[in-house]
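I opened the notebook to work through this model. My entries follow the order in which I looked things up.

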Amino acid sequence: MGIQVKYFASLRDRLGRAEDRLEPRGEVTVAEVWAALWPETPLPPNTLTAVNLEYADPGQVVRDGDEVAFFPPVTGG
Amino acid sequence: MKVELRSKPFDPLLELGLYQASLDERRPGRYGATAIFIGTMRDFNGDETVRGMTLEHYPGMTERHLQRIVAAARGEWPLLDTLVIHRVGELQPNDPIVLVAVWSAHRAAAFAACRCIMEELKSKAPFWKREDTTDGPRWVEHNTPG
């Protein structure tokens, strides 16, 4: 199944892609998902994270089949 | 209560009229106050000219959070009904971006809830603006304070 990873807006443009998939080895946190996919790139400051469409802390545990998203501060309205 | 995302331009006053007509049928004589907020696209940001804008969102998460923001307002104030419409996609200057309308028996709840829904939407709903300026496209990094 794997963890579905999504990037939005300026972060997606910076990374050059909108999605990733990660096969987790055991239990991982949101921060560890990022580190596994982008070992050379620290998570940019102010980046917001979500798990299964809910805001989440970088320390939140992610399970196989979850959807994780990384995006910049929101600017709607 | 209605929350909608629109990918094409919409006329907020027309939407308001249509929705209020349906409310008049469903809850005749109940509301004494209607507060509305309409956000419209400017052709400037700071000193720069803005020619167009793209509004990106996170399908699924955006709708969920808009619903939750409205539900929280309805829990806090005695509201009779609410209408929220927000654009996504390509916009031109003068295009409406967002409509928030709140109906209640008295004005205090309508004013407060309309403001609250708008502020919560701006800080929590996952939307992102990319402006097409004379210097090229640029992501808006943060919202201007109220």
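I count two strands as paired if DSSP finds at least two bridges between them. The model is predicted.

**Entry: β7 of chain A.** I began with strand β7(A), residues 67-71. Four of its five residues are buried. I then looked up its partners. Strand β1 of chain A, residues 3-7, pairs with β7(A) in the parallel sense, over four bridges. A:Q4 has A:E67 of β7(A) as its bridge partner. Strand β4 of chain A, residues 48-51, also pairs with β7(A) over four bridges, but in the antiparallel sense. There, A:A50 is bridged to A:A69.

**Entry: the sheet in chain B.** Next I traced an open sheet of four strands in chain B, with the order β1-β5-β7-β2 and mixed pairing. Which strands stand at the edges? They are β1 (2-6) and β2 (33-40) of chain B; each has a single partner strand, so one side of each lacks a neighbour in the sheet. On average, neighbouring strands are turned by 5° against each other, direction ignored. I checked one pair in detail. β1(B) and β5(B), residues 79-87, are parallel and share five bridges. B:V3 stands opposite B:V84 of β5(B).

**Entry: the core.** B:V84 came up again here. The largest nonpolar core holds 51 residues, and B:V84, B:V100 and B:I117 have the most contacts inside it. I listed what B:V100 touches, leaving out residues up to four places away in sequence. The list is B:I36, B:F37, B:V84, B:C114, B:I117 and B:M118.

**Entry: α1 of chain B.** Helix α1(B) lies across β1, β2, β5 and β7 of chain B, and runs at about 25° to β7(B). How many of its 15 residues are buried? I found one, so I noted the helix as hardly covered. I also tested its length. At 1.5 Å a residue, the 15 residues (12-26) should span 21 Å, and the end C-alpha atoms are 21 Å apart, so the two agree.

**Entry: the contact between the chains.** Last, I looked at where chain A meets chain B. The contact takes 13 residues from chain A and 23 residues from chain B. On the chain B side, the elements giving two or more residues are α2 (61-76), β7 (96-104), α3 (107-124) and β8 (127-133). α3(B) gives the largest share, four residues. By type, the chain B side divides into twelve nonpolar, six charged and five polar residues.

Technical notes:
Residues numbered from 1 in each chain as written. Chains lettered and ligands numbered in written order. Predicted model: local features only at pLDDT ≥ 70, side-chain atom pairs only at ≥ 80, totals over all residues. Contact = placed C-beta atoms within 7 Å. Nonpolar A, V, L, I, M, F, W, Y, C, P; charged D, E, K, R; others polar. Expected span 1.5 Å × (residues − 1). Buried ≥ 20, exposed ≤ 12 C-beta atoms within 10 Å, placed from the backbone. Core = buried A, V, L, I, M, F, W, Y, C linked by C-beta atoms within 7 Å. Axes fitted to C-alpha atoms, helices over the stretch in contact; angles between N-to-C directions.
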